Amino acid sequence: MLLEASSVEKWYLRGKGFSNRFFAVNSTDLILESGKVTVLTGRSGSGKTTLMNMMAGLLTPDGGKVLLDGKDLYAMDDNTLSRLRNRHFGMIPQGAEILPDLTVMENILLPIGIYRDRYGRSASEAEECARELLEQMEIGDLSDVPAKELSGGERRRVCAARALAGAPEFVFADEPTSDLDDDNTKIILSVLRQATASGCAVMIVTHDPEALGYADIHYRMDGGSLSVLPEDNKPKEEKIHAI
Ligand SMILES: Nc1ncnc2c1ncn2[C@@H]1O[C@H](COP(=O)(O)OP(=O)(O)OP(=O)(O)O)[C@@H](O)[C@H]1O
Ligand SMILES: [Mg+2]
């Protein structure tokens, strides 16, 4: 599958009047490549989350299109877009939102239970995959714990497991390593990297320089504009950490 942003832009009003339009994202083209990790860095407020949310089908652009295999995400009705997102996209949101009264495992399986993943796996198969991910991320013992009892870093790892358990073709990770110590940062980046082995395209927004060691493609966002940094785009295979 190919996910492609074509001239997407997003603006907000700052102050009074239409002339005070402020572009969070200027007209931008971006292709997410299957089997690749794309890392997006840039200063706070430069438009990274805005661009990622538009790519992920969560935020309607004010101009341009986001095309999945040529189909315009934002021309779809809400129900179709929700299903598509649930089947093909996994998201680690910047706020690491999870449902506080559900257990870790219930949080992970909830989206899969609603729509079922694209392989039509049974609940027990999805649960097995989720357990493996939790083990890899060293929180295997937390699967029956209510989410409200978790630390920030544990919540973020649960979000990563939730994003990956449905075997999506695209994963969007917004600051996936904030709240994490060095070891867990490596683990989560490795888990995201591993997902590319089955053809998943991973987009990571981060302030963490460690993530560049896992990137195939590095873009920088500056005042709503995207630039590619060719000097950072050398093969990084040797930097993958074994987990
Ligand atoms: N709903 C909104 N209404 C008005 N302005 C917004 C809205 N969402 C984002 N912005 C503005 O758009 C700009 C880009 O925001 P965005 O969240 O994309 O930045 P970011 O690069 O992800 O920053 P950070 O690294 O702090 O997460 C910021 O100046 C922000 O204040
Ligand atoms: Mg952000």
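1. Arg 131 and Glu 127 both sit in helix H4 (residues 123-136), 4 residues apart, which puts about one helical turn between them. Helices here are DSSP runs of H or I with at least four residues, strands are runs of E with at least two, and both are numbered from the N terminus. The two side chains meet in a salt bridge, with N to O at 2.7 Å. That term means a side-chain nitrogen of Lys or Arg within 4 Å of a carboxyl oxygen of Asp or Glu. Arg 131 is partly exposed at 35% relative accessible area, and Glu 127 is partly exposed as well, at 26%. The cut-offs are under 20% for buried, over 50% for exposed and partly exposed in between, using a 1.4 Å probe and protein chains only.

2. Before going further: this is a predicted model, where local features need pLDDT of at least 70 and side-chain atom pairs count only at pLDDT 80 or more, while totals for chains, interfaces and linings use all residues. Residues are numbered from 1 along each chain as its sequence is written, chains are lettered from A and ligands numbered from 1 in the order written, and side-chain values use heavy atoms, with hydrogens and water left out.

3. How many salt bridges are there? The count comes to 6. One of them joins Lys 10 to Asp 62, with the closest N and O atoms 3.6 Å apart. Lys 10 belongs to strand S1 (residues 3-13) and Asp 62 to the loop between H1 and strand S4 (63-68), so this bridge ties together parts 52 residues apart in sequence. Lys 10 is buried at 10% relative accessible area, whereas Asp 62 is partly exposed at 37%.

4. Asp 216 pairs with Arg 193 in a salt bridge whose closest N and O atoms are 3.1 Å apart. This one also links distant parts of the chain: Asp 216 is in the loop between strand S8 (201-205) and strand S9 (217-222), and Arg 193, 23 residues away, is in helix H6 (residues 182-195). Both ends are buried, Asp 216 at 15% and Arg 193 at 8%.

5. Now have a look at Lys 48, in helix H1 (residues 48-55).

6. A polar side-chain atom of Lys 48 is 2.7 Å from an oxygen of ligand 1, and one from His 207 is 2.9 Å from an oxygen of ligand 1. Gly 45 brings a backbone N or O atom to 2.8 Å from a ligand 1 oxygen.

7. Finally, the magnesium ion (ligand 2) has Thr 49 (OG1) and Gln 94 (OE1) as its protein donors, at 2.0 to 2.4 Å. These two come from distant parts of the chain, 45 residues apart: Thr 49 from helix H1, and Gln 94 from the loop between strand S6 (89-92) and helix H3 (104-115). Donors are N, O and S atoms within 2.8 Å of the metal (3.2 Å for Na, K and Ca), and with water not among the atoms, sites may look incomplete. Thr 49 counts as partly exposed at 25%, as does Gln 94 at 40%.

Methods. A polar contact is a pair of N or O atoms within 3.5 Å; within protein, one must be able to donate a hydrogen and the other to accept it, and residues adjacent in sequence count only if both atoms are side-chain atoms.
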